[in-house]
Amino acid sequence: MKDYFRTNGQVMGWGLLLAVGFWVILLIVLPQISMLDFSFRNNLPPPEMGGPKDVYKIANYKYLVFGAPGNEDGYNRVDLLVFLRTLLAAAAVTIFDLVLCYPIAYFLGQSPGGGFTRVLVLLLIIPYWINEILRAFAFRIIFGDTGVINEFMMLFGLIDRPIDFIRENIALYAGLGYAYILLMIFPMYNVIESLDRNQIEAARDMGASWWMIHRRIVIPFAKPGISSGCTMVFMLSAGALAAPQILGGPSSLWFTQLIYQWFNTGGNWTQGSAYAVVLLLTCIVIVLAVMRLFKVNMGDIGK
Amino acid sequence: MSAGVGVDLQDMWIKFGDYVAVRDANVNIAGGEFFSFLGGSGCGKTTILRAVSGFLEPAEGKVLIGGQDMAGKGPNERPTALIFQNLALFPLMKVWENITFSMEVRGASKAERQKRADELLDMIALPDQRDKYPSELSGGQKQRVAIARALCAQPDVLLLDEPLSALYLKLRQHMRTELREIQQRVGITFIYITHDQGEALTMSDSVAVMRTAVIDQIADGRSIYDDPATSFVASFVGENNMFGGKVKSIADGQVIIETNRTGTLRARLSGTCKTPLKVGDKAMMFIRPETFKIADQKDDASDTQITAHVRHSEFEGQSYNVFLESYRLLEDADGKEIKMALTNRGEARLYEPGTEMTLQYEAAQAVALPAGAVATE
């Protein structure tokens, strides 16, 4: 701590601490705590808040699992299914992005740099200057009945009638996958860039195949980047709202849309909070479990 | 010894776009030989090594290994193993995994690999380091692991790209001896790249000295040092005092040169130089600092004496170095100091600046060569 103030000085040191403190406590910890607090409360009109009815209970959580009291089914099938599908779809999007982005990251990271690489990186970044919602609408157009993809496939006689990509949720998965590509590429790119090219050549010299080089040298080395990218993509796609709203089929619901409905149209903030807390905690548990499985440390993700 | 696999480069050119990295290299390396390429940075020596190992294809000419043309064969198809300048050990694999990676590639069992790793670790005298990671080893240990890893593939030719350059002086000198021992024990051909002439001269059977893209001379270390073929070799290998001038007369293998800065001096012709000197040619003559003696008597008629003023002198432990400037320094275009090294036998001392001194040398120890490129420090 002494060294910290010696290197940064009193003013700068306190400034940095305050900024980080403001960021972590005011913008992350406090909202989450109040969300947690909310999730255990009754949904009351403002005058009754703090009154005798304002007690802690777990009814909001019970509702997610068992549905409304008196539900004959026993379980809240609809919401639980949406929850499960959201997690599975987020995992699928993560794997899809990983498979798609690893070759790109490897190519960028191991190319000798220079103009061409820089142009490629720019081409990856520039589309993200456009707002997320606009990009989602663009995907709607591309995947629409008269969109580029359907038109082309019909032109070449691959299909007779346009495929309803929206209803099939293909547009949704593509849109989600596309939305977080950069978050997958850049952590991997950063790590792979620091991989000594001589190691790959040494392995080649010793007769290693292309697959062997990746399995034994590049992927183990890139593991921190891979896990960092996967964590972000999984968390963000499980928590995405705009893409499911715009690209989701009429029958498909994303769990975040349920939360949104509770907060917005339902006006039931406490119920929405419970749903949000469950989603957050489940995602954290999944990420930790996967990290454990692949022997990645939390510290590596920060690299 | 000669049972090993030789390497031949025939009229080999390597180009990167318009840039010629290696110009018409012709080298014959005998099987079992310790062969070094010596040259400054950017002279193309590493490029040659990459062409032998298969990471590069020559633009023209051939690379033959054991008499077979290697054109179109990748690094994994050649009987060579390369040790990289930074060693390129795999940081996430244990020492034994590193060493036996070439066996893992071929699908050898774990037990087989560990057994082989133990054998090799014994050979490089690191028996108990099997389960460590490279980051836990010292510089010299890493070095040896890299050698073991390369030898594990049982190559016919081992290629070493300045593997000692990262080590500190004492260890580097120790590793020289060790490398040479390992080479003699395994009996395979070593091709060694270095900018360090000490390494090249101490370890090698033959040395190729490279100037930018061109090989100037291929010979054993002694010939390179004593009988340089070009002015570049003379100035690059070891320390040398250079005197420019014109050939005045040639007789019995000796040359009289009218120098720019120190009058008329006598030298011998280099035995390895391909372009003979003629009277009137521009020439350079080279005298090594250690071949100077202090003359007993100044003799103005002598053509093996140089009279000069001491500029400064320094004590280097085993020797005293005296730096002098000649009378005619002011008129001299390339006015470098003359360096004399006197072995410290207890009686030598530091000389005061300004002292006039007459240096004596043997004509047989001064070499005359056609004027040409010289090494810049």
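What percentage of the 303 residues of chain A count as buried? I looked this up at the outset and found 27%. A residue is buried here if 20 or more other C-beta atoms lie within 10 Å of its own, exposed if 12 or fewer, and partly exposed in between, with C-beta atoms placed from the backbone.

**Entry 1: conventions**

I note that this is a predicted model, in which local features need pLDDT of at least 70 and side-chain atom pairs count only at pLDDT 80 or more, while totals for chains, interfaces and linings use all residues. Residues are numbered from 1 along each chain as its sequence is written, and chains are lettered from A and ligands numbered from 1 in the order in which they are written.

**Entry 2: chain A**

I found 15 helices and zero strands in chain A. Helices (H or I, at least four residues) and strands (E, at least two) are DSSP runs, numbered from the N terminus. Along the principal axes, the C-alpha atoms of chain A fill a box of roughly 75 × 75 × 35 Å. I then looked up contacts (two residues whose C-beta atoms, placed from the backbone, lie within 7 Å). In chain A, 70% of the contacts with a separation of 6 or more are between residues 24 or more positions apart.

**Entry 3: helix α14 of chain A**

I checked the length of α14 (residues 269-293) of chain A. The expected span of a helix is 1.5 Å times one less than its number of residues. For the 25 residues of α14(A) this gives 36 Å, and the end C-alpha atoms are 36 Å apart, which agrees. The buried residues of α14(A) include Gln271(A), Gly272(A), Tyr275(A), Leu279(A) and Val287(A). Among the elements that cover the buried residues are α2 (10-39), α3 (59-66), α11 and α13 (255-263) of chain A. After α14(A) comes Lys295(A), with a positive phi near 55°.

**Entry 4: where chain A touches chain B**

I recorded 15 residues from chain A and 16 residues from chain B in the contact. On the chain A side, α10 (197-205) and α11 (210-238) each supply at least two residues. The most comes from α10(A), with seven residues. By class, the chain A side has eight nonpolar, three polar and four charged residues. Nonpolar means Ala, Val, Leu, Ile, Met, Phe, Trp, Tyr, Cys and Pro, charged means Asp, Glu, Lys and Arg, and the others, Gly among them, count as polar.

**Entry 5: domains of chain B**

I found chain B divided into domain 1 (7-226) and domain 2 (231-370), with bounds from an automatic or database domain assignment. Taken over C-alpha atoms, the centres of these two domains of chain B are 38 Å apart. Their contact takes nine residues from domain 1 of chain B and six residues from domain 2 of chain B.

**Entry 6: strands of chain B**

I traced an open, mixed sheet of six strands in chain B, in the order β6-β7-β8-β3-β9-β10. Two strands pair if DSSP finds at least two bridges between them. Why does one side of β6 (80-83) and of β10 of chain B lack a neighbour in the sheet? Both stand at the edges, each with a single partner strand, so one side of each is left without a neighbour. Within the sheet, β3 (residues 34-39) and β8 (residues 189-194) of chain B run parallel, joined by five bridges. Leu38(B) stands opposite Thr194(B) in β8(B).

I also looked up β12 (residues 254-259) and β13 (residues 264-269) of chain B, which run antiparallel with five bridges. Glu258(B) has Thr264(B) in β13(B) as its bridge partner. β13(B) also pairs with β20 (residues 366-370) of chain B in the parallel sense, over two bridges. There, Leu269(B) stands opposite Ala368(B) in β20(B).
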